[in-house]
Amino acid sequence: MQIQPVDTAGREGHPLSMYELTAAELATQPEILADLFEARHTGVVVRGALPQAQALADRINDAGLADLWASPNRGMPGGELKVIGEAATPTFTKMQGPSVEQYGEAARTHRATMARVFGELEPTARINHLFSGLNGGRAAGPAQFDGHLPWSPYTVRALGPGQQIYSHHDLHYWLAVYQRLPQALDRTSLLSWFITVQAPTGGGELTVYGLWGSDPNPPMLPTRFLDTQALEARFGKHAFDLRAGDLVVFDSGRHVHRVTPVTGDRPRLTLGGFMTLDTARTRAAYWS
Ligand SMILES: O=C(O)CCC(=O)C(=O)O
């Protein structure tokens with residue numbers, strides 16, 4: 001296990017530092033999630049977290065699943081991420097995110113949908129194990145949405161050639177759907193996580209900047225989107241080098257980040273969502 005400080009000399013913004021470890025090292029780690037949540041470090045990469053990534057990618061690429069895919073950023077030039085499942089995040093077609101009812105419907109059907117996609121390879125048990133390992137061996141599981149219904153644990157995401165995720169942060173607890181996030185969960189920040197199941201041949205790099213969403217006067221374009229050219233020119237940054245099977249968790253509630261345009265001929269395929277800790281620090285809870 002290593003902690004890599006990112007060289008941000010001469011650059012604006014907050015410091016950046018990343019953990020890197022292998023799945024085999026997970027059992028012996030202290031509370032990495034708390035370190036990220038409390039801004040002592042920025043992110044973690046667990047190499048080889050999902051050894052069956054290629055088999056999952058084969059399932060996701062199955063043409064018979066075409067009816068499951070949605071395009072929540074439809075009409076956004078260069079930003080048309082495709083997803084299976086619903087995410088608690090603003091999108092180009094739903095700026096206020098999904099309603100409580102829309103999300104609840106997706107949460108109720110999540111298990112059956114992902115059984116259709118992955119069959120016996122459905123990875124939620126493995127994801128619980130990985131997050132527990134990053135949480136000092138404490139409990140980890142999907143947050144509770146309503147009664148016994150959990151939030152959807154993850155969405156499946158495909159970023160095709162030429163597409164990107166524009167610069168943003170993810171502190172979106174103001175969305176209506178977060179009325180259903182249990183009060184015991186800490187809302188001071190939010191972590192994003194994803195597992196790469198198919199790396200693109202080029203591009204598609206998660207890039208995290210030293211700028212926080214709460215910083216005054218962030219560089220903005222007249223369109224009210226963040227000015228990525230200014231971020232690149234002025235701020236410290238870290239671009240993750242990810243292979244199929246790697247898990248990333250990072251402080252997306254604070255840090256502005258983006259995914260660079262995918263190049264080459266195959267999509268970048270990931271499973272991912274969000275996460276927080278309870279205020280008592282007894283467990284990690286995640287959702288899409
Ligand atoms: O890399 C991904 O799939 C998503 C990264 C991201 O923008 C996020 O998780 O907030």
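This is a predicted model: local features need pLDDT of at least 70, side-chain atom pairs count only at pLDDT 80 or more; totals for chains, interfaces and linings use all residues.

Biologist: Which loop holds R281, and is R281 buried, partly exposed or exposed?
Modeller: R281 sits in the loop between β17 and β18 (283-287). Most residues other than glycine have a negative phi, whereas phi of R281 is near 60°. There are 16 C-beta neighbours inside 10 Å, so R281 counts as partly exposed.

Biologist: What about N217, is that one buried or exposed?
Modeller: N217 also isn't a glycine, and its phi is positive at about 50°. You'll find N217 in the loop between β12 and α5 (228-234). With 5 C-beta neighbours inside 10 Å, against a limit of 12 or fewer, N217 counts as exposed.

Biologist: How many of the 10 residues of β17 are buried?
Modeller: The cut-off for buried is 20 or more other C-beta atoms within 10 Å. β17 is largely enclosed by the rest of the structure, because the number of its residues that are buried is 10 of the 10.

Biologist: Which strands each supply at least two residues of the shell around the ligand?
Modeller: The shell includes R157, D170, S192, F194, H257, V259, T270 and G272. By class it has four nonpolar, five polar and two charged residues. The strands that each give at least two of its residues are β10 (191-198), β15 (255-259) and β17 (268-277).

Biologist: β15 is in another sheet, I think. Which strands stand at the edges there?
Modeller: That open sheet has four strands in the order β9-β15-β12-β13, with antiparallel pairing. Each edge strand has a single partner, so one side of each is left without a neighbour in the sheet; these are β9 (165-168) and β13 (237-239). From one strand to the next, the twist averages 15°.

Biologist: Which residue in β15 is the bridge partner of T207?
Modeller: Strand β12 covers residues 206-212 and pairs with β15 in the antiparallel sense, over four bridges. For T207, the partner in β15 is R258.

Biologist: How far apart are the C-alpha atoms of L50 and G245?
Modeller: L50 is in the loop between β3 (43-47) and α2 (53-60), and it counts as buried because 23 other C-beta atoms lie within 10 Å. Beyond its sequence neighbours within four places, L50 is in contact with P123, R126, I195, G245 and L247. L50 and G245 are 195 residues apart along the chain, yet their C-alpha atoms are separated by 4.5 Å.

Biologist: Last one: how many residues are in the largest nonpolar core?
Modeller: In soluble globular proteins, nonpolar side chains tend to be buried together. Among the residues with the most contacts inside this core are L33, V44, L247 and V249. Leaving aside neighbours within four places, V44 is in contact with M18, Y19, I32, L36, L134 and V249. The size of the core is 71 residues.

Definitions and conventions. Residues are numbered from 1 along each chain as its sequence is written. A residue is near a molecule or strand if its C-beta atom, placed from the backbone, lies within 6 Å of it. Ala, Val, Leu, Ile, Met, Phe, Trp, Tyr, Cys and Pro count as nonpolar, Asp, Glu, Lys and Arg as charged, and the others, Gly among them, as polar. A nonpolar core is a set of buried Ala, Val, Leu, Ile, Met, Phe, Trp, Tyr and Cys residues joined through C-beta atoms within 7 Å. Two residues are in contact if their C-beta atoms, placed from the backbone, lie within 7 Å. Two strands pair if DSSP finds at least two bridges between them. Axes are lines fitted to C-alpha atoms, for helices over the stretch in contact, and angles run from 0 to 180 degrees between N-to-C directions.
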